[in-house]
Amino acid sequence: MNQGTVTALSPKQAVTTSSEDELEQALIAAASNGNKAAYQQLYQRYVGQVYALALRLTGDVSHAEDAAQETFIQLWQSLASFSGDAKFSTWLHRVTANVTVSHMRKQKNWLQRTFGLESANEADLVAPLPTDDNPLEQYIQRLPERARLVFVLHAIEGYRHEEVAEMTQMAVGSSKAQLHRAKQLLKEWMSHD
Amino acid sequence: MTNHEFEQQLQRQIDALPRQQQPKRDLWRGIEHALAESPQQTKAAASPLRWLATAASVCLIAVLGWFGSNHYIEQRAQQLALAQSQQFIAAMSDNHQLQKDSLLVALKGKPAFTDNWQQQLDELEDAANAIKEALEHDPRNPTLLKMLQSVYQQQLQLIERVHAPKLIHI
């Protein structure tokens with residue numbers, strides 16, 4: 001990821017952050033050993049981030065809820081494989097993106113196979129998101145699915161095009177083209193404001 | 001608007017986007033239920049299994065290469081497609097079970113409109129099992145898949161419907 005903000009911490013904040021990190025490490029270790037109460041605390045810490053990313057990627061409340069649940073279920077099963085080399089939040093973020101994209105792919109396949117929709121456009125089948133104060137949030141939901149995925153993962157979440165291509169199973173060139181497409185549409189919509 | 005102005009404005013709006021958002025529904029209950037049925041990998045157990053799986057994959061690729069016949073590869077592709085369909089049915093059933101259990105937990109203790117709704121639910125469950133049995137022989141049959149999806153939806157609608165009239169007065 002190429003995005004990151006370094007914030008200067010006061011000594012008091014640094015102490016708090018350090019003990020917070022230790023608490024998090026303890027929660028991860030306990031959850032890895034099957035402690036569900038510890039895992040619930042990890043869930044409470046991160047559900048906001050997981051759900052926000054899933055919602056932005058899917059553009060649909062119901063799918064985002066399903067993807068968030070699936071993320072935490074898969075995470076529980078694979079917690080032992082977390083090596084601790086990267087930050088837990090970074091790892092979780094990647095798991096969320098992968099699970100959500102995979103969930104969207106399964107949904108699309110299901111619609112195509114079951115109802116014979118060759119070019120199933122889920123945007124036509126789901127309820128729109130509630131209105132939001134930030135106009136960009138609304139514009140993102142209006143983007144075509146592939147353009148939205150690339151824009152959210154690259155421009156907002158900071159993944160490189162190579163990483164986006166791997167997650168979404170598209171070519172690196174397609175990822176760049178979809179970003180260009182997304183920005184063109186956003187520019188057009190923002191110009192009309 | 002110039003490109004430069006657009007990029008600046010876009011970046012400002014991206015920076016202002018919230019990084020967190022709480023779901024309106026309690027997702028933990030469904031997760032907790034799934035965890036009870038999900039075995040957790042342990043570090044000690046995961047490693048040898050992964051080696052075994054890798055070794056098995058290497059052997060499979062070697063065997064496929066050795067046979068090299070179109071017939072064999074075609075047969076294998078069909079088997080894989082079949083396995084994929086079976087996985088999909090299993091995932092759909094798991095997802096339905098999760099939704100159903102969450103709903104039942106949420107409505108536990110709430111008055112029901114009819115007395116025999118449990119019986120109706122069981123009948124629908126029997127129907128779903130019969131369809132799943134048929135799908136075991138023909139897992140890619142779109143009509144059966146549609147029927148299973150429909151029975152699952154009917155179950156959820158039944159649970160909601162029998163509890164809804166009383167809930168309105170609460």
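**Why these labels?**

Reader: Why is A:Glu163 called buried?

Author: This is a predicted model, and in it A:Glu163 has a relative accessible area of 11%. Buried means under 20%, so A:Glu163 gets that label.

Reader: And what makes A:Glu163 and A:Arg160 a salt bridge?

Author: Their closest N and O atoms are 3.9 Å apart. The cut-off is within 4 Å, so the pair counts. A:Arg160 itself is partly exposed, at 43%.

Reader: Which residues are joined with those two into one network?

Author: Let me take another pair on the way: B:Arg29 and B:Asp26 also meet in a salt bridge, at 3.7 Å from N to O. As for the network, salt bridges that share partners join A:Arg94, A:Arg160, A:Glu162, A:Glu163 and A:Glu166.

Reader: How do you know that A:Glu24 and A:Arg45 tie together separate parts of the chain?

Author: First, the side chains form a salt bridge, with 3.5 Å from N to O. A:Glu24 lies in helix H1 of chain A and A:Arg45 in helix H2 of chain A, so the bridge links parts that are 21 residues apart in sequence.

Reader: Why is A:Arg45 called partly exposed?

Author: A:Arg45 comes out at 26%. A:Glu24, at 11%, counts as buried.

Reader: What makes B:Arg25 and A:Glu65 a salt bridge?

Author: The closest N and O atoms are 2.9 Å apart, and the limit is 4 Å, so the pair qualifies. Across the interface of chain A and chain B the rule finds 3 salt bridges.

Key: Residues are numbered from 1 along each chain as its sequence is written. Chains are lettered from A and ligands numbered from 1 in the order in which they are written. This is a predicted model: local features need pLDDT of at least 70, side-chain atom pairs count only at pLDDT 80 or more; totals for chains, interfaces and linings use all residues. Side-chain values use heavy atoms; hydrogens and water are left out. Helices (H or I, at least four residues) and strands (E, at least two) are DSSP runs, numbered from the N terminus. Buried means under 20% relative accessible area, exposed over 50%, partly exposed in between (1.4 Å probe, protein chains only).
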